[in-house]
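Me: I am new to this one. Could you show it to me before we talk it through?
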Number of protein chains: 2
Amino acid sequence: MLDPISRVRRFNRAVTSAVGALDTSFLGRGRPLGAARVLNAIGHGRSDVADIRDYLGLDSGLMSRLLRSLEEEALVETEAHHDDARRRVATLTRSGRREFAAYEALSNAQAEGFLAQHSQREALLAAMDLIASTLTRERIALDEMDPRSAEARHCLGEYYAELGRRFSQGFDVSRSRDPDAKDMRRPRGTFIVAMSDTLPIGCVGLKGTDHGYAEVKRLWVAPSARGLRLGRRLMEAVEDAARDLGITLLRLDTNSALPEAGQLYRSTGWREIPRFNDDPYPDLFFEKRL
Amino acid sequence: MLDPISRVRRFNRAVTSAVGALDTSFLGRGRPLGAARVLNAIGHGRSDVADIRDYLGLDSGLMSRLLRSLEEEALVETEAHHDDARRRVATLTRSGRREFAAYEALSNAQAEGFLAQHSQREALLAAMDLIASTLTRERIALDEMDPRSAEARHCLGEYYAELGRRFSQGFDVSRSRDPDAKDMRRPRGTFIVAMSDTLPIGCVGLKGTDHGYAEVKRLWVAPSARGLRLGRRLMEAVEDAARDLGITLLRLDTNSALPEAGQLYRSTGWREIPRFNDDPYPDLFFEKRL
DNA sequence: CAATATCTCTGACTATAGTCAGATATCATG
DNA sequence: CATGATATCTGACTATAGTCAGAGATATTG
């Protein structure tokens with residue numbers, strides 16, 4: 001009754017029936033689920049027909065018919081792709097947007113209803129994040145992004161906040177050697193964000209210097225994504241990027257208040273070296289030759 | 001991207017596709033999902049046809065046909081109910097049990113595969129428990145049970161373990177006035193267990209005494225079920241049971257190291273009174289007139 | 001014991017999802 | 001510009017799930 005497998009299966013049962021309830025509420029709008037799914041995919045910004053088909057895993061014949069039924073309802077319009085007339089592009093009409101908004105309202109109401117069940121909202125959300133990250137683990141994409149992008153800035157903000165909580169003396173970015181964004185852009189360096197669906201859940205930066213090495217900076221993994229070995233994946237990705245940029249020597253600094261980081265570096269071929277900068281926060285320094 | 005609603009919806013998407021994957025693996029056994037569900041319901045001990053139909057929400061015509069198809073496969077046998085020949089009772093044949101075991105193996109493998117994604121198994125399981133309890137909140141049943149039943153003993157074990165963690169001096173049941181099980185059975189008292197599906201997730205005892213009052217004892221809610229206001233529901237149930245037994249005065253003791261308990265009592269009509277026993281653990285005493 | 005209720009079953013039907021083989025239009029390439 | 005590749009569409013088909021009206025057997029009740 002309490003073994004791990006039973007607990008997972010209890011979770012499966014609970015969640016299956018909740019998912020079914022949402023489908024039922026969608027059916028309440030008088031449209032088969034297939035058509036509703038296509039409408040929602042378009043509403044969420046997918047316009048290329050092949051893309052929608054791929055996303056929803058539909059056969060091209062079925063997809064075509066679903067689109068036709070949405071067109072008959074005057075919810076969707078299709079036109080040829082502007083530079084490949086074989087492809088079709090779907091957009092919502094005015095009433096299509098209204099109908100999409102109604103589905104969104106149903107989804108949002110269901111989500112709110114769920115949150116309202118619990119008096120400790122944040123704990124519930126953290127549990128959901130943890131499970132969502134675990135389930136989508138194999139679909140987490142590591143994308144190179146501009147360090148000034150919204151996704152990167154989100155990660156950096158969380159990273160600084162966490163340092164502030166974990167360092168006994170707090171953390172003030174301005175006292176640290178804030179890496180200039182341009183040093184973390186190709187060709188000097190790069191910045192990699194781990195994306196789970198549209199949610200940034202981790203990052204790492206590679207900062208070019210003029211001293212014969214590049215620095216790995218800002219390695220961070222969202223609390224909900226810890227335990228998924230994402231730190232390791234990010235480090236592998238940043239090392240690959242460095243190799244790609246022709247960099248042969250990497251350095252990084254960290255703090256012994258972050259033991260899981262030191263642990264990771266030591267177990268992946270990094271060698272501890274003496275202090276190589278005068279940043280006030282780090283007390284541990286590593287180097288790796290590629 | 002990070003507002004609560006989006007987080008819930010990200011969770012929904014992740015979980016929907018995981019559920020779909022399990023369905024697909026079930027289809028791999030060459031049988032439609034409807035038939036597989038009936039087979040599994042029987043395998044899990046549901047034998048009464050009406051009960052299965054009700055559990056799976058099936059129309060009687062559809063149910064009948066699904067049973068027929070399982071009979072044709074020689075996986076299921078049906079016979080008349082022994083004291084109502086209108087009802088039918090389904091049982092698995094030898095090969096039905098084999099096939100059921102194969103489905104169980106698929107479910108278990110999926111559950112194990114999920115757990116294997118994460119290096120902090122217990123955190124993942126705790127998150128799943130929390131969500132499963134929240135989703136099934138409205139189906140949590142409060143059942144009167146024997147305090148010696150497996151369910152009750154499970155709850156009590158967890159309760160004592162938690163007291164041990166929360167009291168600075170630890171907790172040793174034998175030093176406390178261990179309430180005799182017979183005082184927590186009708187007609188002297190009762191014992192109520194909160195069941196989520198087959199999982200006990202909370203309890204409370206009503207212990208009859210010969211001093212003109214009854215005591216509320218052993219109020220416990222599983223960590224995964226906290227925040228669902230289950231403590232409140234258990235207290236209401238135990239007060240109802242006391243009224244039902246003609247009891248007019250209730251007392252209880254607790255400890256200030258359990259602030260959420262004291263909070264609950266104060267907000268539900270309990271009045272603090274002076275110490276009324278010599279148990280070494282409690283330091284707060286309450287009374288409520290029904 | 002007749003009337004009524006309950007349980008299961010059968011036949012006839014619909015809706016949805018999905019498959020598959022071409023047909024058609026367009027694009028890319030030598 | 002012929003050829004093959006690609007994207008979409010149509011028609012014809014199947015499987016599954018589900019609905020509904022009644023039939024037949026059995027149980028319950030006044």
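Reply: What follows is a short exchange on this predicted model, beginning with a DNA strand and ending with a helix.

Me: How many residues surround DNA strand D, and which are the closest?
Reply: DNA strand D is surrounded by 21 residues, and the closest are A:Arg53, A:Arg65, B:Gly34, B:Ala85 and B:Arg86.

Me: How do those residues divide into nonpolar, polar and charged?
Reply: The surface near DNA strand D has 10 charged, seven nonpolar and four polar residues.

Me: Where does the largest share of that surface near DNA strand D come from?
Reply: Helix 4 of chain A supplies the largest share, five residues. Other elements that each supply at least two residues include strand 2 (84–92) of chain A and helix 2 (33–43) of chain B.

Me: What share of the DNA strand D atoms within 4 Å of the protein belong to sugar or phosphate?
Reply: Sugar or phosphate accounts for 66% of those atoms of DNA strand D, and bases for the rest.

Me: Which polar contacts are there to look at?
Reply: Among them, a polar side-chain atom of A:Arg68 is 3.1 Å from a phosphate oxygen of DNA strand D. At a base, a nitrogen of DNA strand D lies 3.4 Å from a side-chain N or O atom of A:Ser60.

Me: Changing topic: why does the span of helix 8 of chain B agree with what it should be?
Reply: Helix 8 of chain B has 15 residues (230–244), which at 1.5 Å a residue should span 21 Å, and its end C-alpha atoms are 21 Å apart.

Me: Which residues in helix 8 of chain B are buried?
Reply: Among them are B:Leu230, B:Leu234, B:Met235, B:Val238 and B:Glu239.

Me: And what follows helix 8 of chain B?
Reply: B:Gly246 follows helix 8, with a positive phi near 80°.

Conventions
Residues are numbered from 1 along each chain as its sequence is written. Chains are lettered from A and ligands numbered from 1 in the order in which they are written. This is a predicted model: local features need pLDDT of at least 70, side-chain atom pairs count only at pLDDT 80 or more; totals for chains, interfaces and linings use all residues. Side-chain values use heavy atoms; hydrogens and water are left out. Helices (H or I, at least four residues) and strands (E, at least two) are DSSP runs, numbered from the N terminus. The expected span of a helix is 1.5 Å times one less than its number of residues. Buried means under 20% relative accessible area, exposed over 50%, partly exposed in between (1.4 Å probe, protein chains only). A residue is near a molecule or strand if one of its heavy atoms lies within 4 Å of it. A polar contact is a pair of N or O atoms within 3.5 Å; within protein, one must be able to donate a hydrogen and the other to accept it, and residues adjacent in sequence count only if both atoms are side-chain atoms. Ala, Val, Leu, Ile, Met, Phe, Trp, Tyr, Cys and Pro count as nonpolar, Asp, Glu, Lys and Arg as charged, and the others, Gly among them, as polar.
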